[in-house]
Structure formats: C-alpha cells, structure tokens
Amino acid sequence: MEQVLTQILQPQILVLVFMGVLLGIVFSAIPGLTATMGIALLIPYTFALPELAGISMLLGIYLGGMYGGAITAILIRTPGTPSAAATLLDGYPMAQNGEAGKALNYATVSSFIGGTISCIILILIAPQLANAALQFGPAEFFALAVFGLSIVGTVSGKNVTKGLIVAGIGLLISTIGMDPIGGVMRFTFGSSNLSSGVSFIAALIGLFAVSQVIKEVETKMKSAHQKVKYRRHKLAIKEVMSNWFEFLRSAIIGTFVGIIPGTGTSIATFVSYNESKRFKKPEKKAQYGNGTPEGVIATETANNAVTGGALIPLLTLGIPGDVVTAVIFGGLLIQGLTPGPLLFQQEQDLVYSLFGTLIIANIFMLLIGLFAVRYVGKIVDVPKNILLPIVVTLCFIGSYSLSNNLFDVWVALVFGVIGYLLEKFDFPLPPLILGIILGPIIEANLRRALIGSGGDLSVFMTRPITATFLLIAITTFIFPLLKKAWYIYKAKPSMESDLKS
C-alpha cells in the first residue's frame, strides 16, 4: 500500500493526470471531438513515458472526456459526446430557466461521485464482476437493448405515441449501411459514404445543435430569448446528501452497464434517467424534461460510472468494454502490458497504482469542473447574434473532424432540418436517438441468437438474464397503458353519475 501511494503521488504522475483530465474535458466539450479521439492523438506522446505515467495520462483523458460533453449540452444544447444527449434533457431547460450554474455544479459533482463509486467497485470486486459479464451472449445483449428501447415512454414527454413513431424512424435509420450478418448493402443508394451507416455523432450534432440554431433564427432573436442570465450557484452539502440514493442507484446502473462489453455510455445514461423517473410521484415526474436536477444527476452519475465498469473486463479479461477502452487497450500493449488475469499476478503494484490514479483523476475532474463553472457558464450571457455563428462553426468543424469527410457535415445539416421539423410538430427527439443507438445492437444480436439456436425462439425465455430483461421491458411498455386504462375505468362511474344528475 505504501509503495502504491509513493508511486501515484509523484509530481510527474500528478501533473500528467491533471493534464489528461483537462485535455479530456476540452476535447469532449467540443462537438465531434471525443475522448476516443483525444486518447488516439496522444498515445504517441506516451511512448517515451514510464508505464504508470503513460497509462495514467490516458486514463485522465478518459475520465475528463466522459464529463466534458455535459458542459455544452447544458449551456448551448450541443452534446459534446453521445452520452451527453441524455443530460441535455433537463440540463438545457435548467440553463434556460437561469439555473445554468446549478446544472453545471450538479453535473460536476455527479460525475465525480459516479466515477469514484465505480472505482471503488473496480478495486473491490473486479474479477467477480468480469466473470458475470461473460454470461452475456447475443440473446442477453438483445434483451438489454430491448430494455433500453422500452424507456421511450420516459423520454417522449406527454405524447408517447409520437415518441414511438420517432423511435421507429430511428430504428429504420439504423438499418442504413452494411448488413451486420450478411454483409449486403442496404439503403445506401450507391453511395460509399453510407456503407458504414449514418454517422451517429454527426446526426446527434444536427438533431440538437443545428436544429436549435434554426429555431433561434426563426424567432429572429427576440429579446425574450436573449435575457437568460447566468447565476452562480454554490452546491450545498445538504443538496448532495438529500439525493444520496439517486447517486448510488445511478452509479450502480452505470457500472453494471459499463461492465458489459459493447453497450456504452448512451445506454447507461438513458436507462438511469428512466429509472430515476420511474418511481417518482406524478407531480415530480412532470418536472422531468423541464429542468429538474434529478435528471442531470441520474445521467451524469451513470455516465462517469461507466468508466470504472468498462475497465473491469479490460484489465481482468483483456476485453475492451467500449470504443474508448479499446484504444486504451492499444496504449497498454504499447507499454508492454497485456491485459488479462496474468496482469493482476505479474503487475499487481502497477494495477493498484492505476486504480489510485483513477481516484486522483476524479478528484482533479471535480476541482477543474467546479473552477470552470464560474466562467464557462457565462456563455449563456453572450448575445445570440454572436453565439449562434460560433455554435454553427463548432458543429461543422466537429462533424468534419469525425472522418475528415464533408459528407458528415451534410449529415449534420440534414438532421438539423429533421430535428427542427420534428420539434415544430411536437415530436420528441430523444426517442430518435435511442432508435439509432439501439437499432444495430437489437438487429445484430437478435439474428445471432436465432442463428445460434437454429431459429428456436425459446432461447429468449429459457436463459434467465434474457427472460428477466425482456419481462422488465414488456412491463415498462404495458404498465403506462394499464395505468391509463385504470384511471379511465375509475373515472367512468363518476362521469355516469354526473350525466344522470
């Protein structure tokens, strides 16, 4: 223990972790520039560094990158990362209500708590949880994705029917590109740019950022849309403690989803948001989507809890949990380290030193975030005629930088118009994002499960994990309908008595 503390408290390690967290926040706050890109760009600079120093810097970028996307999502409705799409559901309305400082503080503290709890879980029970994750096959992944899609009602606002329609459109969009099983091109219309499907990040930028710019231009920048002032907010310990269960539940959800390879932060944030809203009283449920802190807490806690969870299969089994950890996997190999069970036996001090740097990175993220809130929140005070061109420029740069392809800029523009039209006719946007995210997971794993079982549908009922997720998903779909029918049934006698009188 003493040796681990001596290693992680070296000035070089602390400086590199701090720089990594800062760079991760900056990268992810700019639409299109993700933590994955930041790690990939900086891996060459870690060649000459010692093992612990190089990997610690990459982990700092990872943690900072998970948090930074919330900043622009809250302030200008432009999610810097895909996972921040859930954060803007309540974060941006809070900013519009003059509570940008409060939303940013909650996002910062939630990210710190989620990341720290997942680190503790990583340290205590990493091998056991990794073995549990190995129980997931195609059927389990399919059931988990269906469960994720079942939260459409939660993110659809008052009109669930329109939410289901939009989710269906998202699922259709997700089929564009190469068939994941047969390798056949679908709906590409001969364009090689669509062979790998629609760029999700470009679509995300268009739906939320470009559509918002179009809306602001349509209003001709009326004064009512310019006078939202930034108010600083000091988050009291009492406010944090009163939401302790929200933090704990969201952190557990994020860690669990992170452990399962191939899921990612987007599923974790939307599932956590749904579970946060599920058991609230009706009057509290109505506040979700209109600027409630609980929505920001749920998404940002789960978002950063994924970091510790995704590192569990990477370090214990050598299986990357998501795209970012796949890049970190490459960084470990470059340093001469092979992730897996032997890593814990042969490099035990190094592994626990990495765990220590994760906790330090979370502390740095908290300090940087709370300091930055004082200044970045003032973005809402910038006049719209100055801010909007900057947002558009960032959108175009971010879209182009995804693959250095102008086609992605056109994708962002097209989805900007689609997002504007959908909101114009009161169709919610989050279900569309859910459909695009979960569509490939549902399709590919459904077909793999059926191929593996020889077309036997009982595979979805006989496997306990699969059956559990599908049962919860069906219940989530049906419960609101049964609840509505019950209210109509209860109201019918009183209506009949009123008519008789």
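Reader: Looking at H10 and H19, are they roughly parallel or antiparallel to each other?

Author: In this predicted model, H10 and H19 are roughly antiparallel to each other. The axes of helix H10, which covers residues 200-218, and helix H19, which covers residues 384-401, cross at roughly 160°, and an angle over 145 degrees counts as roughly antiparallel.

Reader: Within what distance do the axes of H10 and H19 come, and is the crossing left-handed or right-handed?

Author: The two axes come within 10 Å of each other, and H10 passes H19 in a left-handed crossing.

Reader: Which residues in H10 and H19 actually meet?

Author: From H10 the contact takes in Ala202, Ile205, Ala209, Val210, Val213 and Glu216, and on the H19 side these meet Lys384, Leu388, Val391, Val392, Cys395, Gly398 and Ser399. Sorted by class, the residues of this contact are nine nonpolar, two polar and two charged.

Reader: OK, switching to H5 and H15, at what angle do they pack?

Author: Helix H5 (residues 84-96) packs with helix H15 (residues 293-317) at an angle of about 150°, and their axes lie 8 Å apart. The crossing of this pair is left-handed.

Reader: And which residues make that contact of H5 and H15?

Author: H5 contributes Ala86, Thr87, Asp90, Gly91 and Met94, while H15 contributes Pro293, Gly295, Val296, Thr299 and Glu300. In this contact of H5 with H15, four residues are nonpolar, four are polar and two are charged.

Reader: What about H13 and H21, how are they placed?

Author: Helix H13 (residues 265-278) and helix H21 (residues 430-452) have axes 11 Å apart and pack at about 130°, which makes H13 oblique to H21. Here, too, the crossing is described as left-handed.

Reader: Which residues in H13 and H21 meet?

Author: Ser266, Ile267 and Phe270 in H13 meet a set in H21 made up of Pro430, Ile433, Leu434, Ile437, Leu438 and Ile441. The contact of H13 with H21 divides into eight nonpolar residues, one polar and no charged.

Conventions:
Residues are numbered from 1 along each chain as its sequence is written. This is a predicted model: local features need pLDDT of at least 70, side-chain atom pairs count only at pLDDT 80 or more; totals for chains, interfaces and linings use all residues. Side-chain values use heavy atoms; hydrogens and water are left out. Axes are lines fitted to C-alpha atoms, for helices over the stretch in contact, and angles run from 0 to 180 degrees between N-to-C directions. Helices (H or I, at least four residues) and strands (E, at least two) are DSSP runs, numbered from the N terminus. Angles under 35 degrees count as roughly parallel, over 145 as roughly antiparallel, 65 to 115 as roughly perpendicular and the rest as oblique. A crossing is left-handed if the near helix is turned anticlockwise from the far one by less than a right angle, and right-handed if clockwise. Contact means heavy atoms within 4.5 Å. Ala, Val, Leu, Ile, Met, Phe, Trp, Tyr, Cys and Pro count as nonpolar, Asp, Glu, Lys and Arg as charged, and the others, Gly among them, as polar.
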